[in-house]
Amino acid sequence: MSDVLAMGGYAAFVWPAYAVSVLLLGGAIVLTVVRYRRARARLTLLEKP
Amino acid sequence: MFAFANPKRFMDASSALLPWLVAATALTLGAGVVLGFLAPPDYQQGDTVKIMFLHVPAAWTAMMAYGLLAATSLVSLVWRHPLSDVAAKAAAPLGAVFTLLGLITGSLWGRPMWGAYWVWDARLTSFLLLLFLYLGYIALWNAIEDEARAARAAAILALLGAVNLPVIEFSVDWWNTLHQGESIFRAGGPRISGVFLWPLALSGVGYTLLFFTLWTVRIRTEILERRARSLLLGVVS
């Protein structure tokens, strides 16, 4: 386990690379979905007779 | 292709396609990330080779996204298809995210392997310019209030910036860069071992599909927003 964490001495670079990838791509996914749902809800409201 | 350049038809086609896109993205991206994580340390790079599976697909997707941004901008300028502006506008923020990701992960690899987070080498510099092009494109859209004029100005910027794409691609051949040359798409086949090639290929496909999935959703969002706006203006009843 600690071997995996140590990343052969490169932990300070490998883990941040994973972290920033998850953060940026995850953020893009969440923002995209939130904006889509908001736009859909708004249009449904406007299209109500 | 132009058959889908109609918002209504795009909405129908994309809603049928989206579940498949999401599934294919999850599958390839998941497999790529897991295989990349489990890949053995490289004999020179050690465990930093894992960063390659995050960096290369991000950088590749960032460039592909700009290619699509330029292509849809060209269609928008020449044929004035209603969907092309929307498609171009929706691609830019995603491209910026992938570009930023490519820069950061590359920098995290550069520090232990080159001894520097950043060098002003032709590849890195032209890639930084790609980020500024994306940001400039987004800023231009936001700066001009009239939608048609904003779309036109942004499309022209996108096309001018497309010159940077071959510069990025061939920078490693044209100049003496610290960044290594092409080792995948080269005459004579890939020059990396299979244990690294497979995770890289899967991640590459996964990142590409993730871009297309998010792009599709963002185009749909923009179409819905425009429809809402025209309803509010009373243009469409």
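This is a predicted model: local features need pLDDT of at least 70, side-chain atom pairs count only at pLDDT 80 or more; totals for chains, interfaces and linings use all residues.
Chain A has 49 residues, of which 18% count as buried. Its secondary structure consists of two helices and zero strands. Along the principal axes, the C-alpha atoms of chain A occupy a box of roughly 65 × 15 × 5 Å.

The contact between the two chains draws 23 residues from chain A and 29 residues from chain B. On the chain B side, two or more residues come from each of α2 (49-79), α3 (82-114) and α7 (194-233). The greatest contribution on that side is made by α7(B), with 12 residues. By class, the side of chain B that touches chain A has 18 nonpolar, four polar and seven charged residues.

Within chain B, α3(B) and α7(B) pack against each other at an angle of about 135 degrees, and their axes are 9 Å apart. On the α3(B) side, the contact is made by V86(B), A87(B), K89(B), A90(B), A91(B), L94(B) and F98(B). Their counterparts in α7(B) are F211(B), L214(B), W215(B), R218(B), I219(B), E222(B) and I223(B). The contact of α3(B) with α7(B) comprises 11 nonpolar and three charged residues, with no polar ones.

The largest nonpolar core contains 62 residues. Those with the most contacts inside this core are I51(B), A65(B), L69(B), A91(B), L94(B), F98(B) and F211(B). At least two core residues are supplied by each of α2 (11-47) of chain A and, from chain B, α1 (7-38), α2, α3, α4 (122-143), α5 (147-161) and α7. The largest share, 16 residues, is provided by α3(B).

Two of the core residues with the most contacts, L94(B) and L69(B), can be followed individually. With residues up to four places away in sequence left out, L94(B) touches A28(A) in the other chain, as well as A65(B), F211(B), L214(B), W215(B) and R218(B). L94(B) is also among the residues of α3(B) that meet α7(B). L69(B) is located in helix α2 of chain B. It has 28 C-beta neighbours inside 10 Å, and L69(B) therefore counts as buried. Apart from neighbours within four places in sequence, the contacts of L69(B) are A88(B), A91(B), A92(B), G95(B) and A158(B). One of these, A91(B), also belongs to the set in α3(B) that meets α7(B). Between L69(B) and R226(B), the separation is 157 residues in sequence and 20 Å in space, C-alpha to C-alpha.

Positive phi values were computed for two non-glycine residues, M7(A) and R80(B). For M7(A), phi is near 50 degrees. This residue is placed in the loop between α1 (2-6) and α2 of chain A. M7(A) has 20 other C-beta atoms within 10 Å and is therefore buried. For R80(B), phi is about 55 degrees. R80(B) is placed in the loop between α2 and α3 of chain B. Because R80(B) has 12 C-beta neighbours inside 10 Å, R80(B) counts as exposed. Thus M7(A) is buried, whereas R80(B) is exposed.

Technical notes. Residues are numbered from 1 along each chain as its sequence is written. Chains are lettered from A and ligands numbered from 1 in the order in which they are written. Two residues are in contact if their C-beta atoms, placed from the backbone, lie within 7 Å. Helices (H or I, at least four residues) and strands (E, at least two) are DSSP runs, numbered from the N terminus. Ala, Val, Leu, Ile, Met, Phe, Trp, Tyr, Cys and Pro count as nonpolar, Asp, Glu, Lys and Arg as charged, and the others, Gly among them, as polar. Axes are lines fitted to C-alpha atoms, for helices over the stretch in contact, and angles run from 0 to 180 degrees between N-to-C directions. A nonpolar core is a set of buried Ala, Val, Leu, Ile, Met, Phe, Trp, Tyr and Cys residues joined through C-beta atoms within 7 Å.
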